[in-house]
There are 2 protein chains.
Amino acid sequence: MKTGIITVGNELLTGFIDDTNASWLGRALTAIGLPPVWHLTVSDNREEIKSALATIPTNITDVIITGGLGPTPDDITMKTVADFYGFDLEYDEKYWKSLAQRFKRSGRTIPEINKNQAFVLVGPEIIPNPVGSARGALINQNNQRLYILPGVPIEMKAMYTATILPLIKPENVVAKVSVLRTTGIMESALAEKLVNINSNFPTVTMAYLPRITGVDIRLIGNDQVEIEGFKLEVERIAGDYIYGYEDTELEDVVGELLTKEKLTIATAESCTGGLVSHRLTQTPGSSDYFMGSIVAYSNNIKMNLLDVQESTLLKYGAVSEETVVEMAIGARTRLGTDIGIATTGIAGPGGGTPEKPVGLVYIGLATEKRVKTRKFIFHFNRQLNKLLTSQVALNMIRLELKNA
Amino acid sequence: MKTGIITVGNELLTGFIDDTNASWLGRALTAIGLPPVWHLTVSDNREEIKSALATIPTNITDVIITGGLGPTPDDITMKTVADFYGFDLEYDEKYWKSLAQRFKRSGRTIPEINKNQAFVLVGPEIIPNPVGSARGALINQNNQRLYILPGVPIEMKAMYTATILPLIKPENVVAKVSVLRTTGIMESALAEKLVNINSNFPTVTMAYLPRITGVDIRLIGNDQVEIEGFKLEVERIAGDYIYGYEDTELEDVVGELLTKEKLTIATAESCTGGLVSHRLTQTPGSSDYFMGSIVAYSNNIKMNLLDVQESTLLKYGAVSEETVVEMAIGARTRLGTDIGIATTGIAGPGGGTPEKPVGLVYIGLATEKRVKTRKFIFHFNRQLNKLLTSQVALNMIRLELKNA
């Protein structure tokens, strides 16, 4: 079995939206050991859709086509597929009535324009749509199965999961995918550390996904034991750089550790402008350990609300180790928490000097016993300097709690 | 002229990353009136790459191929293209030496593995890489031009802009793309309002891009006058729902208005957890008008740092119009600004009651003269409830300043 994808839509080709349906299907098919080998995107255009159907590689057994099943005149996928394979389209009065009922129940009148969604191919199976009005179809042709689905992501995903997945999922060979998430180390340095593992676990495929905030390592294979062995080796070598697994976010890990240690936290932010606080509060239940923040852009607020000494600001400047120490302590004491985390820096693009360039940041972490600080010079734009600073701040909290 | 795209890479097909190169190229080509009509993705696999080259539709004149030019053994695009079209690959000693020099200047030794990037096709033009080590190639074959570029986005974009764009940009027929960004109105309601415009401007193509925070309207056409006419009509009908154009963010618009009116602002945030503050500080120069924030998750902080009355919290609760009014006033007075904006609500998933369900939020905006409030019940998850609340808060500031 080999799988492929056709996505139909002008908005995809013109880059108005990213083709997240294709990447979602890519992940879903990879997870069952059938990674797509071919993905074609064409416009909502009869000739182009036909040409797409004509060029499906013959070694592909299962093709998922999404997009162009909506009610508007530019939704022509079903009609074009009918033409191409020589199927008739038949009006399904019963379905139209049930659609009208469904609209009525939610207090709306069904627009006449939806009528084209009541037409079905004569012959092929219908793929039901549990969450919308556009039904799909399953066509068996030339030893290939074509699954036609709408492009609305929530409908596409529901129909894939309910109908296609049970049909194509192999009995035994299910690929195991495992992601280890790292931060604080560059891709090349990580790759150098991990270079020899693969030879001991030849059935596992390893891939790096570098992001600005860290590098994800993805392991895929069919042998669960080898994957687990590989994972242990990565953990042994990459150690503290690994903060989580699968789609866990760093702020969730920090939240788990705070909860476990029964500790509370507050932030005092200058250059990150509230981003550390925003990220900490993305985690459900964060109100149990997160008390609040003071975002102090102006020096007055640093003095009045965080008790930073005027003399410190005058002598060392707002962007300095001395200031970030007082901010971290101020966060703890003013907001009454166990931990205070503070950031100050020059996010850019303006405000840099030869001594204190754009990208210079100080991060401070205060506990009852001590204050730790770190200094960085990031070389990015404002948004990325903020993001990286928030990442380092959260990671400092993680390491502090983990190794406490 | 018609354009197409081939993207090469396992990580794209398996959905490990979204294919943002393809959408970037889609937008770039659409902007010069050459929207791609065909986009194929294949793995880093000889046979699949060859089959991709063999199936390029004959009506396409210009194809951009990205990916697989890196230094590692799975980067096989150039070699496969050479095989397919019968070109020799030649080792370019001069380029290798210049690469080695470039590495040396930045204090590194060039790895031997990079040597494969010094091989060039004999015959085709070289496309220089101003920002990396992988050079591209331009192949003229069967009345089609193939541009081979690396997959690293920053390199791909630089090479497209420096070399390909000047070659393919039509002299006169440049498509005009214009985006109007709206917030506060649903796609269907907006579409209903705008339904009749298109008939007056038949050469303009209109598309809606609904996001959770608003709907973008994109106009494309070759006739500048028609586009401008269409735009004026949309502006007349959609009015205050339009907050900006092209890729302007709502926080940037708020910043412009604050700067113009010479006003300062502070936030007091409960349910948004610092997100309003974070968004306001994404804008370069925001330190001119943004002074700071108090993120008050706990009631103590609401009382101690924002002067919310204990009696208000006891009588009406933390999530109430009364509390948000006092928070907004507290932000203004405690942080010494012209405007205070405050949020309180139940972001979820926990904390809801029958009277105060998850998604209930209050937003308050205090100026010297008065306090305005709004109440919403959002039906999303925690992250989206936070995002929507921040969007409404920023939009309230925009409308307040715009209509002042």
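# Reading a predicted two-chain model

Q: Which residues does B:A328 touch, not counting residues up to four places away in sequence?
A: Two residues are in contact if their C-beta atoms, placed from the backbone, lie within 7 Å. By that rule, and leaving aside residues up to four places away in sequence, B:A328 touches B:A268, B:G340, B:I341, B:A342, B:G364, B:L365, B:A366 and B:V371.

Q: How are the chains and residues labelled, and what kind of model is this?
A: Residues are numbered from 1 along each chain as its sequence is written, while chains are lettered from A and ligands numbered from 1 in the order in which they are written. This is a predicted model, in which local features need pLDDT of at least 70 and side-chain atom pairs count only at pLDDT 80 or more, whereas totals for chains, interfaces and linings use all residues.

Q: What pLDDT does chain A average?
A: pLDDT is the predictor's confidence in each residue, from 0 to 100. Chain A averages 93, and 99% of the residues score at least 70; the model itself scores ipTM 0.83 and pTM 0.84.

Q: How many residues does the largest nonpolar core have?
A: A residue is buried if 20 or more other C-beta atoms lie within 10 Å of its own, exposed if 12 or fewer do, and partly exposed in between, with the C-beta atoms placed from the backbone. A nonpolar core is then a set of buried Ala, Val, Leu, Ile, Met, Phe, Trp, Tyr and Cys residues joined through C-beta atoms within 7 Å. Here the largest core has 98 residues, and those with the most contacts inside it are A:A328, A:A331, A:I341, B:A328, B:A331 and B:I341. Another core, of 75 residues, lies apart from it and has A:V8, A:M159, B:I6 and B:L29 among its members.

Q: In what order do the 10 strands of the open sheet stand?
A: Strands of a sheet pair through backbone hydrogen bonds, either parallel or antiparallel. Helices (H or I, at least four residues) and strands (E, at least two) are DSSP runs, numbered from the N terminus, and two strands pair if DSSP finds at least two bridges between them. The order of this open sheet is 17(A)-16(A)-15(A)-13(A)-14(A)-14(B)-13(B)-15(B)-16(B)-17(B), with mixed pairing. Strand 17 (371-377) of chain A and strand 17 (371-377) of chain B are the edge strands, each of which pairs on one side only.

Q: Are the residues on the faces of strand 15 of chain B buried or exposed?
A: They are buried on both faces: B:I339, B:I341, B:T343 and B:G345 lie on one side, and B:G340, B:A342 and B:T344 on the other. Strand 15 of chain B joins strand 13 of chain B through 5 bridges, running parallel, and the bridge partner of B:A268 in strand 15 is B:A342. With strand 16 of chain B, strand 15 pairs in the antiparallel sense over 6 bridges, where B:T344 has B:Y362 as its bridge partner.

Q: Which strands does helix 13 of chain B lie across?
A: Axes are lines fitted to C-alpha atoms, for helices over the stretch in contact, and angles run from 0 to 180 degrees between N-to-C directions. Helix 13 (residues 321-335) lies across strand 13 (265-269), strand 14, strand 15 (339-345), strand 16 (360-366) and strand 17 of chain B, and runs at about 145° to strand 15 of chain B.

Q: Which strands stand at the edges of the sheet, each with a single partner strand?
A: In the open sheet of 12 strands, the order is 6(A)-7(A)-8(A)-3(A)-1(A)-2(A)-2(B)-1(B)-3(B)-8(B)-7(B)-6(B), and the pairing is mixed. Strand 6 (125-127) of chain A and strand 6 (125-127) of chain B stand at the edges, each with a single partner strand, so one side of each is left without a neighbour in the sheet. Neighbouring strands of this sheet are turned by 20° against each other on average, direction ignored.

Q: By what turn can chain A be laid on chain B?
A: Two copies of a chain are related by a rotation about an axis and a shift along it. Copies are superposed by least squares on the C-alpha atoms of residues with pLDDT of at least 70 in both. Chain A can be laid on chain B with an RMSD of 0.5 Å by a turn of 179° and a shift of 0.4 Å along the axis. The two copies are thus related as by a two-fold rotation axis. Of the interface residues of chain A, 100% are also interface residues in chain B, so the copies meet through the same surface.

Q: Where is B:P349 found?
A: B:P349 is found in the loop between strand 15 and strand 16 of chain B, and the peptide bond from B:G348 to B:P349 is cis, with omega near 0°.
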